[in-house]
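Here's a walk through the rings, the charges and the contact between the copies. Have the viewer open as you read.

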2 protein chains.
Amino acid sequence: MNPIKHFANVDRRVLLSSLAMLPLLSATLRSTPAVAQSDPLPSWNEGATKASIVNFVVRVTAQGGPDFVPVNQRIATFDNDGTLWVEQPMYVQLAFALDRVKVMAPMHPEWKTKQPFAAALDGDMKAVAASGEKGLVEILAVTHAGMTTAEFEKITTEWLATARDHRFKRPYTELVYQPMLELLAYLRANGFKTFIASGGGIEFMRPWTERIYGIPPEQVIGSSIKTRFEFKDGAPTLFRLPDINFVDDKAGKPIGINEHIGRRPIAAFGNSDGDLEMLQWATVGASGVRFGLIVHHTDAVREYAYGPDSHVGKLSQSTLDAAAVNKWTVVNMKNDWKRIFSFD
Amino acid sequence: MNPIKHFANVDRRVLLSSLAMLPLLSATLRSTPAVAQSDPLPSWNEGATKASIVNFVVRVTAQGGPDFVPVNQRIATFDNDGTLWVEQPMYVQLAFALDRVKVMAPMHPEWKTKQPFAAALDGDMKAVAASGEKGLVEILAVTHAGMTTAEFEKITTEWLATARDHRFKRPYTELVYQPMLELLAYLRANGFKTFIASGGGIEFMRPWTERIYGIPPEQVIGSSIKTRFEFKDGAPTLFRLPDINFVDDKAGKPIGINEHIGRRPIAAFGNSDGDLEMLQWATVGASGVRFGLIVHHTDAVREYAYGPDSHVGKLSQSTLDAAAVNKWTVVNMKNDWKRIFSFD
């Protein structure tokens, strides 16, 4: 059995399912349990948003159709923070860095009076923010560099296993959006290769993206610091240096995508101004059917509501205007998502 | 049918086939045509080299065996120049650059008297070499930068379609080693993901690696120059800048592999001193069975014979010593390869 063909058949059933609200279709078809069970996006409410996703996938996978895309070109890139998991009230990676400052503080008594470390130790987020990019880079340098890549992986893995989000009282890796997990799986079932293209640290994400998202390390693109190859106790290691190597945000996203993937995605998924250029790179001025999607955080009750005025995950009107011009799908989280998290 | 399991079964037959020379096995088994036909490495002569490859693959794919490696960790990295295709008498990419200088010369009359361009136009390779790294960088800057990534792909693709190697009178993409093509396919059939990790330009390789090697662009790692995201005629482009971004050679190979793959390969394949650190990164001080292989060019009749004294693809005694210490397989091209090229 050809798995791609098989799933293409599933898609057509899905499309029928989403069209089942049309009065022309019989009540018998509409209520067939087998059809309902085949829905690969059960956490998405029926409507234009969900239909746009299914329509795109059906078109590019239809063998012999005018919009068919060969499997090797079915590349989809996803932002991480705010697109696949929660980014409020601060990026998870910043929470990690601040916790690391606390863990490392006994070895650095001078931090008690030195900014931005004193502010970080006091939990004074306003003062941390006031230290600006310079302060943030200082915090990142001491918490993210000065160890081998293997040691850093161990540190992040142990932290993620014990750290808890303050609002939801759960591990951060549970604060992933159930509808997006279904979307990732749906795309892969239709022959897509799914990538992350995040402003976050590439090595902060890789230890857990395969388990949580089904995205292996080699399909994770992110910001990075420089490393140095050296032998330690007879074994080769990569030592993490306090120097920025690459910032995978805004115009950096197409550059990082090109460096890692080497061809343009045909679909891209983001949630903020930082994803604009990635969405343009995937969809504008390119041949064939393309798909762009922006997750708009509109649900203060179940998650968060934010947009143009947010420091984290800022989504300006100009980016929403670009979405309208380029016919990108904008997810209204409150209306389009039946569930936000798997534990809802 | 589980394809992995299926191919693991094939491997066991292959192993039996390679052991068939043992007198203990019956003449009947030895001459069974079905067994002979299943050999996935027909261009490799029987012997210790071929057996080491098959032994490694059988061990890491044996479900329940002590050396079993899950599919997602079966990562293999290959050098390109001199490992997968011919690198003598000069790297193919340098031949491309010199041809480009000739094509571009009418727009640059000043090159007639300016080194290293004058030497390149005269075909004076000694003078080009005498211009050193500085001269080479100048040639690379004018031939590899100053256009979009899409334009560069078009230029390289057109050149490869028409350029011919002077000795073999064939397109460079035919000068790939048939035994290595079989090895790539054999590894993939056993669940490996195969990557290129080359000192050559990442965007010089990507347009053809999928067609020639079965390695898609997202599994190609190489040296790169910086790019700039910008709109041109209403479409987003990446403009290639004359600035080095990354040199994927020697200690750069583990760094590039970590940046692109995010985990250590369990097998690595090279041919020169430039591959030493990649081989170490894949095999030294790591848990589980690992495999390293060096292609030693020993066949001046069918290809080239070179090693410690060669400028291109230098293979020092110290690297061969490292191979002995770390139990890497060293391919003696003359003895181990039944055929070099598909047209042999």
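A charge sits over a ring if NZ of Lys or CZ of Arg is within 6 Å of the ring centre and within 35 degrees of the ring normal. A:Arg264 does this with A:Trp281, lying over its face at 4.5 Å from the ring centre. A:Arg170 does it too: its charged end sits over the ring of A:Phe343, 3.9 Å from the centre.

Some housekeeping: this is a predicted model, where local features need pLDDT of at least 70, side-chain atom pairs count only at pLDDT 80 or more, and totals for chains, interfaces and linings use all residues. Residues are numbered from 1 along each chain as its sequence is written, chains are lettered from A and ligands numbered from 1 in the order in which they are written, and side-chain values use heavy atoms, with hydrogens and water left out.

**Chain A in outline**

Chain A has 15 helices and seven strands; helices (H or I, at least four residues) and strands (E, at least two) are DSSP runs, numbered from the N terminus. Of its 344 residues, 55% count as buried, where buried means under 20% relative accessible area, exposed over 50% and partly exposed in between (1.4 Å probe, protein chains only). Contact means heavy atoms within 4.5 Å. Among the contacts in chain A with a separation of 6 or more, 67% come from residues 24 or more positions apart.

**Ring pairs**

A pair of aromatic rings is described by the distance of the centres and the angle of the planes. Here, rings of Phe, Tyr and Trp (its six-membered ring) pair if their centres lie within 6.5 Å; planes under 30 degrees apart count as stacked, over 60 as edge-to-face and the rest as tilted. Over all chains, the structure holds 38 aromatic pairs. Two stacked ones are worth a look:

| Pair | Centre to centre | Angle between planes |
|---|---|---|
| A:Trp85 and A:Trp208 | 4.4 Å | 25° |
| B:Trp159 and B:Tyr172 | 5.3 Å | 15° |

What does the pair of A:Trp85 and A:Trp208 tie together? A:Trp85 lies in the loop between β1 (75–78) and α5 (92–104) of chain A, and A:Trp208 in helix α11 (residues 202–213), so the pair joins parts that are 123 residues apart in sequence. Both A:Trp85 and A:Trp208 are buried.

In chain B, B:Trp159 belongs to helix α9 (residues 149–162) and B:Tyr172 to the loop between α9 and α10 (178–189), so their pair ties together parts 13 residues apart in sequence. B:Trp159 counts as buried at 9% relative accessibility, and B:Tyr172 is buried at 8%.

Back in chain A, ring pairs link A:Trp44, A:Phe168, A:Tyr177, A:Trp337, A:Phe341 and A:Phe343 into a cluster. A:Phe343 is also the ring that has the charged end of A:Arg170 over it.

A:Tyr172 sits in the loop between α9 (149–162) and α10 (178–189) of chain A and is buried, with a relative accessible area of 8%. Leaving aside neighbours within four places in sequence, its contacts include A:Trp85, A:Val92, A:Trp159 and A:Asp165.

A:Arg240 is in strand β4 (residues 235–246) of chain A. Is A:Arg240 buried or exposed? A:Arg240 is buried, with a relative accessible area of 5%. Not counting residues up to four places away in sequence, A:Arg240 touches A:His144, A:Phe152, A:Glu203 and A:Lys226, among others.

Helix α11 (residues 202–213) of chain B is mostly covered, with nine of its twelve residues buried. Among them are B:Glu203, B:Arg206 and B:Trp208. Just after α11(B), B:Gly214 takes a positive phi of about 75°.

**How the copies meet**

Copies are superposed by least squares on the C-alpha atoms of residues with pLDDT of at least 70 in both. Chain B can be laid on chain A with an RMSD of 0.0 Å by a turn of 180° and a shift of 0.0 Å along the axis. The two copies are therefore related as by a two-fold rotation axis. Which residue of chain B comes closest to the rotation axis? That's B:His260, at 3.2 Å (C-alpha).

In the interface, 39 residues of chain B are in contact with 39 residues of chain A. The copies meet through the same surface, because 100% of the interface residues of chain B are also interface residues in chain A. Buried area is the accessible area (1.4 Å probe) that two parts lose on being put together, summed over both. Between chain B and chain A it is about 3,000 Å², of which carbon and sulfur atoms give 51%. In chain B, B:Glu218, B:Phe229 and B:Glu259 lose the most area to chain A, together 21% of what that side buries.

A salt bridge is a side-chain nitrogen of Lys or Arg within 4 Å of a carboxyl oxygen of Asp or Glu. There are six salt bridges between chain B and chain A. B:Arg263 forms a salt bridge with A:Glu218, with the closest N and O atoms 3.5 Å apart.
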